[in-house]
Amino acid sequence: MVEPLGRSSREERELWMKEASYNLFNLSSDKVFVDLLTDSGTGAMSDRQWSALMMGDESYAGAASYFKMKQAISEILGFDYFLPTHQGRAAENVLFSVLIKEGDMIPGNAHFDTTKGHIEFRKAMAVDCTIDEALEPARYHPFKGNIDPGKLEDFLRLNPVERIPFIIITLTCNTSGGQPVSMQNIREVKSIADKYGIPLIFDAARFAENAYFIREREDGYADRPIRQIVREMFSYADAMTMSSKKDAIVNMGGFIAMRSHELFRHASVFNIMFEGYITYGGMSGRDMNALAQGLYEGTEYDYLDTRIRQVAYLGERLKHFGIQCQEPFGGHAIFVDARHFLPHVPREEYVAQTLAVELYIEGGVRGVEIGTLLADRDPVTRQNRYPALEFLRLAIPRRVYTNNHMEYTAIALANVFERREQISKGFRIVREAPIMRHFTVELERA
Ligand SMILES: Cc1ncc(COP(=O)(O)O)c(C=O)c1O
């Protein structure tokens with residue numbers, strides 16, 4: 001599929017940004033030259049996915065497409081029970097409706113914003129147990145998505161087990177920079193979870209990219225096929241949610257999978273209420289077909305190698321210009337250290353958002369803030385929560401852009417870097433939502 005890209009002038013982009021209240025989500029896509037807002041649902045489907053789409057069975061109950069998806073999930077991930085949902089957050093909504101009650105605490109590795117949102121919406125708390133190395137962008141650690149087993153055990157020892165319905169591992173960990181979790185860490189977390197009798201759940205949006213990093217970086221996995229690594233990863237999980245818009249390379253879709261029939265039965269009730277009947281759950285048959293095919297394609301080594309090398313290519317180009325990023329580079333995106341880039345912009349004025357706006361105005365490249373705006377306010381004090389790191393995320397859609405687009409992006413950001421000393425002012429909030437504010441926030445120049 002080929003799409004036109006619209007070119008524009010700096011003056012036009014300055015005006016459009018102002019009209020969009022300095023929120024990049026408010027820009028219409030025709031005003032964007034290279035769109036690195038997200039890798040979610042923005043991938044290009046393959047010839048096989050498009051042809052699978054034509055074979056969709058749109059029966060309300062028991063469609064052939066449902067069974068195709070069931071077979072792919074069983075073969076690739078090893079789960080017997082699953083429920084389709086329209087996307088990842090819907091899977092969270094359904095599963096958490098069964099598992100989370102007010103006052104609960106859910107430890108994990110830097111929970112994704114919708115995951116945290118669904119936890120906090122139920123008046124429960126997400127507890128981040130990521131290793132400290134993840135907070136030092138320039139420091140090398142092969143698995144910065146890892147959970148610190150010491151932090152996790154301390155937390156479990158000090159809190160009543162009945163208030164901890166599950167532990168969640170996000171792999172790769174989006175919030176800490178698309179960083180992988182090692183097999184050894186998954187195993188360790190599973191044994192701690194077993195010791196306390198707590199289920200282990202995966203947020204598996206980018207599970208295949210995680211398996212690729214295990215193959216590349218962990219002892220004993222270099223010669224293993226990706227699907228074998230995937231099967232081992234999931235053998236330690238009791239249940240999982242997946243936004244299939246990432247590693248299943250579809251534009252819309254998701255699911256929950258689990259081992260327990262009991263959990264399946266409970267979750268089915270909420271699935272029917274929120275998503276649709278249990279054999280389609282918010283997806284059309286054709287989309288389930290494309291998703292099933294995408295799970296096979298997304299776990300092919302050659303595809304993963306090409307994709308992850310493209311992400312690293314952008315990272316290397318930025319590094320060449322002296323721009324500090326989270327290293328090693330993540331699977332789906334480059335995370336630029338915004339405080340290192342713009343040291344004169346106060347944190348109270350949203351430094352990563354300031355960088356995102358500057359990059360758009362410079363070259364029409366749309367990234368996204370992973371910083372204070374995304375972190376939301378503390379649910380109790382209503383004060384801004386300042387995360388340890390302020391990132392500008394440049395997420396690369398799958399099978400869409402060439403390395404020329406990466407080169408263009410790197411040069412646009414390098415141009416901003418050259419004039420960084422003159423950028424000392426950020427933004428003030430004009431209007432914000434009480435939760436997940438970054439999607440709709442309105443800003444003005446400080
Ligand atoms: C790690 C992770 N979990 C969950 C989600 C939510 O998925 P969706 O956007 O399909 O609702 C995302 C989306 O970006 C994600 O990155």
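Me: Which hand does the crossing of α14 and α16 have, right or left?
Reply: In this predicted model, α14 passes α16 in a right-handed crossing.

Me: At roughly what angle do the axes of α14 and α16 cross, and within what distance do they come?
Reply: The axes of α14 (residues 351-363) and α16 (residues 403-418) cross at roughly 115° and come within 9 Å. Angles of 65 to 115 degrees count as roughly perpendicular, so α14 is roughly perpendicular to α16.

Me: Which residues make that contact?
Reply: From α14 there are Glu 358, Leu 359, Glu 362 and Gly 363. α16 brings Tyr 408, Ala 412, Leu 413, Asn 415 and Val 416.

Me: And how do they divide by class?
Reply: The contact of α14 with α16 has five nonpolar, two polar and two charged residues.

Me: Switching to the ligand. Which residues come nearest?
Reply: Gln 87, Gly 88, Arg 89, Phe 112 and Ser 243 come nearest, out of 14 residues around the ligand.

Me: Which helices supply at least two residues of that shell?
Reply: α4 (88-99) and α5 (113-121) each do.

Me: How many residues of the shell are polar?
Reply: Nine are polar, with three charged and two nonpolar.

Me: OK, domains. How is the chain divided?
Reply: Domain 1 takes in 10-32 + 301-445, and domain 2 covers 47-298. The centres of the two domains, taken over C-alpha atoms, are 26 Å apart.

Me: How many residues does each domain put into the contact?
Reply: Domain 1 gives 23 residues and domain 2 gives 24.

Me: What supplies the domain 1 side?
Reply: α12 (301-320) and β9 (333-337) each supply at least two residues there. The largest share comes from α12, with four residues. By class, that side of domain 1 has 15 nonpolar, five polar and three charged residues.

Me: Last topic, the backbone. Where are the cis peptide bonds at Thr 172 and Pro 328?
Reply: One joins Leu 171 and Thr 172, with omega about -15°. Thr 172 sits in the loop between β5 (167-170) and α7 (183-196). Another joins Glu 327 and Pro 328, with omega about -5°, and Pro 328 lies in the loop between α12 and β9.

Me: What is phi of Tyr 22?
Reply: Phi of Tyr 22 is near 55°, a positive value in a residue other than glycine. Tyr 22 is in the loop between α1 (10-19) and β1 (34-35).

Me: Why mention these at all?
Reply: Because most residues other than glycine have a negative phi, and most peptide bonds are trans.

Definitions and conventions. Residues numbered from 1 in each chain as written. Predicted model: local features only at pLDDT ≥ 70, side-chain atom pairs only at ≥ 80, totals over all residues. Near = placed C-beta within 6 Å. Nonpolar A, V, L, I, M, F, W, Y, C, P; charged D, E, K, R; others polar. Domains from an automatic or database assignment. Contact = placed C-beta atoms within 7 Å. Axes fitted to C-alpha atoms, helices over the stretch in contact; angles between N-to-C directions. Parallel < 35°, antiparallel > 145°, perpendicular 65-115°, else oblique. Left-handed = near helix turned anticlockwise from the far one by under 90°.
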